[in-house]
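Hi,

Here is the structure I said I would send over. Have a look at it first, then read on.

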Amino acid sequence: MMLDPSAPDPRRSKKATEALALKFLVIGCFLLPFVWLHSLLYFRKTLFNPEAPKRAKLYIFISVGLFVAELVVLACWLIIYSAEWNDWGTVGESLSVTYPRG
């Protein structure tokens, strides 16, 4: 007998699922974007379950969207900084963790 991986967890009620998804969303807003990724990984079965609470799915999708936006902003900053830090003079050097020698 095989278990259905998309079946809801019987140990957690719909209200508890919503509350936990909301907690992940709020904690991620305190500059901890990896919590949004954790939310996606934790609730990956819940997302595609038709019996899952709609509000929990909304919180998870918002978390995923915010994580992607944060990732894009971080990638843009890394690309711009690594290409232009030398032209920024002392400001570019002061933003660096390690100072290049040369």
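Below is what turned up, helix by helix.

Keep in mind that this is a predicted model.

Let's start with α1 and α2. Helix α1 covers residues 14-28 and helix α2 covers residues 33-42. The two pack at an angle of about 155°, and their axes are 7 Å apart. Anything over 145 degrees counts as roughly antiparallel, so that is the label for α1 and α2. As for handedness, the crossing of α1 past α2 is left-handed. On the α1 side, the contact is made by Leu 20, Phe 24, Leu 25, Ile 27 and Gly 28. On the α2 side you'll find Pro 33, Val 35, Trp 36, His 38, Ser 39 and Tyr 42. Sort these by class and you get eight nonpolar residues, three polar ones and no charged ones.

Next up is α4, which runs over residues 54-84. Which residues of α4 are buried? They are Ala 56, Lys 57, Tyr 59, Ile 60, Ser 63 and Tyr 81. These buried residues pack against α1, α2, α3 (44-47) and α5 (90-95).

Take a closer look at Ser 63, which sits in α4. Its relative accessible area is 0%, so Ser 63 is buried. Leaving aside neighbours within four places in sequence, Ser 63 is in contact with Leu 25, Trp 36 and Ser 39.

Cheers

Definitions and conventions. Residues numbered from 1 in each chain as written. Predicted model: local features only at pLDDT ≥ 70, side-chain atom pairs only at ≥ 80, totals over all residues. Heavy atoms only, no water. Axes fitted to C-alpha atoms, helices over the stretch in contact; angles between N-to-C directions. Helix = DSSP H or I, 4+ residues; strand = E, 2+ residues; numbered from the N terminus. Parallel < 35°, antiparallel > 145°, perpendicular 65-115°, else oblique. Left-handed = near helix turned anticlockwise from the far one by under 90°. Contact = heavy atoms within 4.5 Å. Nonpolar A, V, L, I, M, F, W, Y, C, P; charged D, E, K, R; others polar. Expected span 1.5 Å × (residues − 1). Buried < 20%, exposed > 50% of the residue type's maximum accessible area, 1.4 Å probe, protein only.
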